[in-house]
Amino acid sequence: MSRSVRAGGFGVARRVADLLADASVAIGGAALVAAGAVIVIDVVGRVFGEPLRGAQDLAQMTLVLIVFGGMAFCDRIGGHVSVDLFETSFSARANLWFAAFANALGALIFILIAVEIWESSKISRMLNLATNILKLPKAPFQYAVAAFCIITALGMLVRMADGIARA
C-alpha cells in the first residue's frame, strides 16, 4: 500500500506531525547525549576528588527532555503499551474504531498534561523556581514539556483521523 493511500487524505497533517516528532526526538536525543556526558564527567571527576558541580540538576532537567521528547516518536512507531487481548474477537472495522478512540483519549490526556504543565510554569516564573544547585530556571523546561505533549497529541489526532477514514 502506498504512503498516500495509508495517509487516508491526511498526508500533509501526517507530514507535519512526523516532522515535529522528528524534531522533538532529536532534542530528546541531544539531551540523552548531554546527560551521558554529564554523568561520565561527574563519575570521572569523583575519582579525582572533583565531582561535577550541579550534575544532579543537569541530569534531572535533561531527563525531562529525554522522556517527553521521545513521546511523539514512540507513538508514531507504535511503541506505547497496548493490549490486544480482544482484538481477534472484533472485526477489523471495529478494531479501527477502538484504535481511533484510544488515540483520541491519548491526545486528550497529553493535551491535559500540557495545560497543567503550562499553568505550573506560570507559578514557576512567578516564584522564580529553579534547581537547587545551579539555579537553572524550571519554567523553560516546563514549556518544553508542554510543547512535546502538544506534538504528541497532534500525532495521535492525525492517527485517529487516519483510523476513522479507513473505518
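What is the handedness of the crossing of α2 and α6? The crossing is left-handed, where left-handed is used if the near helix is turned anticlockwise from the far one by less than a right angle, and right-handed if clockwise. The helices are DSSP runs of H or I with at least four residues, strands being E runs of at least two, and both are numbered from the N terminus.

Before the details, a note on the basis of this talk. The model is predicted, so local features need pLDDT of at least 70 and side-chain atom pairs count only at pLDDT 80 or more, whereas totals for chains, interfaces and linings use all residues. Residues are numbered from 1 along each chain as its sequence is written, and side-chain values use heavy atoms, with hydrogens and water left out.

The axes of α2 and α6 are 9 Å apart, and the two helices pack at an angle of about 145°. Axes here are lines fitted to C-alpha atoms, for helices over the stretch in contact, and angles run from 0 to 180 degrees between N-to-C directions. On the α2 side the contact is made by A13, R14, V16, A17, L20, A21, S24 and I27, and on the α6 side by F148, I151, L154, G155, V158, R159 and D162. Contact means heavy atoms within 4.5 Å. By residue class, this contact divides into ten nonpolar, two polar and three charged. For these classes, Ala, Val, Leu, Ile, Met, Phe, Trp, Tyr, Cys and Pro count as nonpolar, Asp, Glu, Lys and Arg as charged, and the others, Gly among them, as polar.

A21 lies in helix α2 and counts as buried, at 3% relative accessibility. Buried means under 20% relative accessible area, exposed over 50%, and partly exposed in between, with a 1.4 Å probe and protein chains only. Leaving aside neighbours within four places in sequence, A21 is in contact with A72, F73, R76 and I151. A21 and D75 are 54 residues apart in sequence, yet their C-alpha atoms are 9.1 Å apart in space.

I turn to the next pair. Helix α2 (residues 11-47) and helix α3 (residues 55-69) have axes that come within 8 Å and cross at roughly 155°. That angle makes α2 roughly antiparallel to α3; angles under 35 degrees count as roughly parallel, over 145 as roughly antiparallel, 65 to 115 as roughly perpendicular and the rest as oblique. Here too, α2 passes α3 in a left-handed crossing. Among the α2 residues that meet α3 are S24, V25, G28 and D42, and among their α3 partners are A55, L58, T62 and G69. The residues of this contact divide into ten nonpolar, four polar and one charged.

M61, V64, L65, F68 and G69 of α3 make the contact with F141, A144, V145, F148 and C149 of α6. This contact comprises nine nonpolar residues, one polar and no charged.

Which residues form the largest nonpolar core? There are eight: A107, F110, A114, V145, A146, C149, A153 and M156. A nonpolar core is a set of buried Ala, Val, Leu, Ile, Met, Phe, Trp, Tyr and Cys residues joined through side-chain atoms within 4.5 Å. The elements giving two or more residues to this core are α5 (92-127) and α6 (139-166), and the largest share, five residues, comes from α6. A second, separate core of six residues includes M61, F141, A144 and F148.

I117 is in helix α5 and is partly exposed, with a relative accessible area of 23%. Not counting residues up to four places away in sequence, I117 touches Q142, V145 and A146. The C-alpha atoms of I117 and Y143 are separated by 7.5 Å, at 26 residues apart along the chain.

Finally, the loop between α5 and α6. N128 is placed in this loop and has a positive phi of about 55° although it is not a glycine. At 65% relative accessibility, N128 counts as exposed. K135 lies in the loop between α5 and α6 as well, and has a positive phi of about 60° although it is not a glycine. K135 is exposed, with a relative accessible area of 56%.
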